[in-house]
Amino acid sequence: MSVRLFEGKEHALYYWKYRISPSQDIINMILTFLQKHRSPPFDLAVDVGCGSGQGTVLLGPHFSEVVGTDVSPAQLNMAMQHSTAHNITYRSAHNTTYRECPAEKLSMENATVDLVTTIAAFHWFDHPCFLKEVDRILKPQGCLVLLDYSIIMELSYGHCSETLNHICKELYAALMPYRNPYLGDSSLDLYKMTYNTLEYPVKEWHENLWVRKTVPLSHYIGMIESLSNYQAMLREDPEKAKQLSQDTTERLVKAMGVASADTEVLLSVRYYGLLAAPLSFYCFYFLFTLCSGLELWVGMSVRLFEGKEHALYYWKYRISPSQDIINKILNFLQKHRSPPFDLAVDVGCGSGQGTVLLGPHFSEVVGTDVSPAQLNMAMQHSTAHNITYRCSHLLLSSLSPNRECPAEQLPLENATVDLVTTMSAFHWFDHPRFLKEADRVLKPQGCLAMLNYAMDMELSYGDCSEALQYICKELYAALMPYRNSYLGASSLDLYKKAYDTLQYPVKEWHENLWVRKTLPLSSYIGMIESFSHYQAMLREDPAKAKQLSQDTTERLLKAMGVTSPDTEVLLSVRYYCLLTCKP
């Protein structure tokens, strides 16, 4: 769920008094975008994480109804006190007016909302859950707007503006150690990454949307004191926080050559954000079923890697776990269950490279996935009689059981499975629902193995391995802005968190499980091109993605002193895994 801050009455008052709302120009930009995709009049706008309602009220004149939602009763009470428009309400998850409402559980019906906005709040949400909820409630061609502003605001006063901004930068530097770790290093980067990875057909990115307002200097200080960084410092060391505020005020007043903090300054705040117009998945579901007469199950996992070409890349280039890793899993299983073993299930099996490694050790192995293209690729290379690929229902076809299957709804009876594995896939799932489903299908003392590998793989060739690693690191850095927001900052941290929070009494964590394989340099490049980061770049800017791949290949060849990408290198891939046993 959302991170819950800003909930005290005093903090809500600071919010109302001092926060700078988007300008009318920004609101007009949003409305213009909306009008490109939906025809007025507009029925309903929802402002999620509305706080004390300054942004919400700006939407009122343009919609029949505007609803503001927030998790903080204090913020909503402040919004109510200043709400005069008859068409603006603040609503809970249970349709209770003026009560708290989490961003990930909105109270609107499916496909009823023209516009969803979140102003300086999205970074606190559970991003994938919120985006899924937005997709649920938006009408076809309804629009989503995610806005935020930079903490580094600018002050202008006479001829001393440069000095004022130097003092302000020192203030921001003093507050940075108190930045909430949930936000990562940069909110701007989070919003850009969301823009880059958002799977909507129409989207726009806007930066340098300046809002300028003449305010008393004390108003600027009040705004700083409303920021989460300052509030965190205030909770940890009240005296230090208050002294920082006082010292900064005195330094600014002195630099301005005035005596009063009520002296007005020009405050410039830089907004940025994304505008997007999806074809709602629920709307797509309705249209698909209407046109085809088929029932389409709306899955929970993030759905990528579904094209035929991408599935081929997966099969050709992905590096499977080593036999040593498979043996580690089997040894763990044998500690808790006695062979022979009846059934293993490989969830998110992709094109089946990991699935086939389980075949010799079980009477039956089932691979499941949400991608028909991946399952077709797995079937083409399946020769073992005891390996099948199965769905939860005969979806989209009644001809074959070898069809798609979501990780959160497995087609298996309760307590029938000896081993559940997921290899480089768990991070895409709805984590709590998958773990609950694994618990359902596992036998008592059945085992769960969740594997993944680090993206920063290593290349070795002669005496130039260090130079190759440098080039590879630059490649990984170029792809990072295209990392899917669902994954968070680190997949390794996600798996470690799953290990730490898993309630099973028996569990093991393993890291630095190296898999080394000699392969052509071109296969390494092919593996990189199969990654979701690269595929996201390829969708957004095909020329840029292909140029990055070509330039990297050329740089690696030059460093190796060879001319052919078929030259073999040693690729080292670092796996890590969680092993656990159901009681």
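**Before you start.** This is a predicted model, where local features need pLDDT of at least 70 and side-chain atom pairs count only at pLDDT 80 or more, while totals for chains, interfaces and linings use all residues. Residues are numbered from 1 along each chain as its sequence is written, and side-chain values use heavy atoms, with hydrogens and water left out.

**Stop 1: the whole chain.** Switch to cartoon view: the chain has 21 helices and 16 strands. Both are DSSP runs numbered from the N terminus, helices (H or I) with at least four residues and strands (E) with at least two. Of the 583 residues, 55% are buried; that means under 20% relative accessible area, with exposed being over 50% and partly exposed in between (1.4 Å probe, protein chains only). Among contacts (heavy atoms within 4.5 Å) with a separation of 6 or more, 75% link residues 24 or more positions apart.

**Stop 2: two helices.** Select 217-226, helix H8, and 238-256, helix H10; their axes are 11 Å apart and they pack at about 150 degrees. That makes H8 roughly antiparallel to H10, a label for angles over 145 degrees. (Axes are lines fitted to C-alpha atoms, for helices over the stretch in contact, and angles run from 0 to 180 degrees between N-to-C directions.)

Now show side chains. Which residues of H8 meet H10? They are Leu-217, Tyr-220, Ile-221 and Glu-225, and their partners in H10 include Ser-245, Thr-248 and Leu-252.

**Stop 3: the cores.** Keep Tyr-220 selected. Leaving out residues up to four places away in sequence, Tyr-220 touches Leu-155, Cys-168, Leu-171, Tyr-172, Val-215, Leu-252 and Leu-267. In the largest nonpolar core, which has 59 residues, Tyr-220 is among those that touch the most other members, as are Phe-63 and Leu-115. Such a core is a set of buried Ala, Val, Leu, Ile, Met, Phe, Trp, Tyr and Cys residues joined through side-chain atoms within 4.5 Å.

**Stop 4: a loop.** Finally, pick Leu-183, in the loop between helix H6 (161-175) and helix H7 (187-197). Is Leu-183 buried or exposed? Its relative accessibility is 7%, so Leu-183 counts as buried. Beyond its neighbours within four places in sequence, Leu-183 contacts His-123 and Trp-124. Leu-183 and His-123 sit 60 residues apart in sequence, but their C-alpha atoms are 6.4 Å apart in space.

Terms used: Parallel < 35°, antiparallel > 145°, perpendicular 65-115°, else oblique.
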